[in-house]
Amino acid sequence: MFKKALLGAVSLAVLAIGSAHAAELKDFRIGLIGGENEADRLRNFQCLVDQLPKAIGVEKVSLFPAADYDGTIQGLLGGTLDYAELGASGYAKIYLQNKDAVEPILTTVQTDGATGYYSIMVAKKDSGITKLEDLKGKKLGFADPDSTSGYLIPVTSLPKDLGGVAVKDYFAETGFGGGHENLVLEVLKGTFDAGTTFGSGVGEFKDGYTSGNLKKMVDKGILDMDDLVEVWKSPLIPNGPIVVRTSLDADVKTKFKDYMMKLPQTDPACFSAIQGGDFKGFTEVTPEFYQPVIDARKAQIGS
């Protein structure tokens, strides 16, 4: 009898602690990776600021736009952010430094059912560059050192299409554009002869594909696809994950995941805004889904 009473008391204590932890989360903090105009990012995620408090039981939701990818990554590693949408390489960086910091829970599904996308290398149409051979000895721009499609996949996959020559030996110079949007603008300005960004690979290049950076820029009216030509497309890359802080209260995690899974049906406009294009919906993922990218990052960058 005493043992049963003691176990009951312990159980109640655990429940009380769990409730106290849940009550402590008053502000759900969303990290927004860099690479796109800050005002656009804040506007696109405003629907979550409006809807999530009621959906997951918090007082408010705050947005934290970072200047680059690493700003959001460090926030997740430090536990000062609760949720972010990352590229696979950004998640790999976190995993290699602290695999228990965040959990990948969902990723997007393309309109054709694929759970991947592509690195797309573009050049100015009037440059005369149409293929990789035209870029030998020229200047190549990458989006961000922590970008999957904008750096990791091109630098590891391109040598196979360059006759086994390393990127650093094939191009006269490489550099970073400060995010995907700015990288494309720098290509158009002539800072780089070509640059790597991303797209779904579904639909037509002339439309910027169905989703990705090119599509977002077209939709915002800051890019005319007639000014660009596609020079190279990578192998399929795993779509980046939605991650949550591992130490986040379990009840909040469950409510948040449920909210996001239903979002394409409950609020298609919000879903499209935060994802930047046309997608079918979300599907669940685990760290194993990103193991190839984790391995590639470890081999190429180290962490």
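These notebook entries record what I looked up in the structure, which is a predicted model.

**Entry 1: overall build.** I began with the secondary structure and found 12 helices and 12 strands in the protein.

**Entry 2: interior and contacts.** I looked up burial and found that 49% of the 303 residues count as buried. Turning to contacts between residues at least 6 apart in sequence, I recorded that 76% of them join residues at least 24 apart.

**Entry 3: surface and charge.** For the charges, I compared the mean position of the 32 positive ones with that of the 40 negative ones and found them 4 Å apart.

**Entry 4: the disulfide.** How many disulfides does the structure hold? I found one, joining Cys47 to Cys270 with an S to S distance of 2.1 Å. I traced Cys47 to helix 3 (residues 46-56) and Cys270 to helix 11 (residues 268-275). The two cysteines are 223 residues apart, and the pair thus links distant parts of the chain. I checked the torsion about the S-S bond of Cys47 and Cys270; it is about 75°, so the disulfide is right-handed. Are Cys47 and Cys270 buried or exposed? I recorded both Cys47 and Cys270 as buried.

Notes: Residues numbered from 1 in each chain as written. Predicted model: local features only at pLDDT ≥ 70, side-chain atom pairs only at ≥ 80, totals over all residues. Heavy atoms only, no water. Disulfide = S-S within 2.5 Å. Helix = DSSP H or I, 4+ residues; strand = E, 2+ residues; numbered from the N terminus. Buried < 20%, exposed > 50% of the residue type's maximum accessible area, 1.4 Å probe, protein only. Contact = heavy atoms within 4.5 Å. Lys, Arg positive; Asp, Glu negative; His and termini not counted. Charge placed at Lys NZ, Arg CZ, Asp CG, Glu CD.
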